[in-house]
Amino acid sequence: MPPRRSKHTAIEPHFDPVIHEPMRLRICGILAAVDEMQFAAIRGTLGMNDAACSKHLKTLADCGYVSVSKRESDGSRHMVRWYAMTPTGRTAFQSHLAELKRIATGIVD
């Protein structure tokens, strides 16, 4: 479930098990820093194989955290997948990071 924002629009700390998986956390970190990124660049940056990278991106897409679009690559008719964080994904990622910071600093409710 996506995190809720408080009435002051501050990020509400929320542990997200989907994002927390190590490779998905890394994917979210990469995508949060850019507008969009090609599949091959994500896969290469993380040193993953096609199947594993696709599986993690599909999980994030199924949750509504990333979007995917297919476009022709430059110089050929080959279709290339581009991934981007959705607004829901950005909020969920920021919320998860806020919860990790809260946990790391020993804040207990």
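Guide: Begin with a definition: a residue is buried under 20% relative accessible area, exposed over 50%, and partly exposed in between. Asp50, with a relative accessible area of 44%, is therefore partly exposed. Please note that this is a predicted model; its protein chain averages a pLDDT of 91, and 90% of the residues score at least 70.

Visitor: With which residue does Asp50 form a salt bridge?

Guide: In general, side chains of opposite charge can pair when their charged atoms come close. Here the partner of Asp50 is Arg43, with 2.7 Å between the closest N and O atoms. Arg43 is partly exposed, at 25% relative accessibility.

Visitor: How many salt bridges does the whole structure hold?

Guide: The search finds four. One of them joins Glu36 to Arg71, at 2.8 Å between the closest N and O atoms. This pair links distant parts of the chain, 35 residues apart: Glu36 is in the loop between H2 and strand E1, whereas Arg71 is in strand E2. Another joins Asp62 and Lys58, at 2.8 Å from N to O. These two lie four residues apart in helix H4, so about one helical turn separates them. Asp62 is exposed at 57%, and Lys58 is exposed at 52%.

Visitor: Is Arg24 buried or exposed?

Guide: Arg24, in helix H2, is buried yet has no salt bridge. A salt bridge requires the nitrogen and oxygen to be within 4 Å, and the nearest side chain of opposite charge, Glu21, is 4.5 Å away from Arg24. Beyond its neighbours within four places in sequence, Arg24 is in contact with several residues, including Pro17, His56 and Leu60.

How values were computed
Residues are numbered from 1 along each chain as its sequence is written. This is a predicted model: local features need pLDDT of at least 70, side-chain atom pairs count only at pLDDT 80 or more; totals for chains, interfaces and linings use all residues. Side-chain values use heavy atoms; hydrogens and water are left out. pLDDT is the predictor's confidence in each residue, from 0 to 100. Buried means under 20% relative accessible area, exposed over 50%, partly exposed in between (1.4 Å probe, protein chains only). Lys and Arg count as positive and Asp and Glu as negative; His and the chain ends are not counted. Contact means heavy atoms within 4.5 Å.
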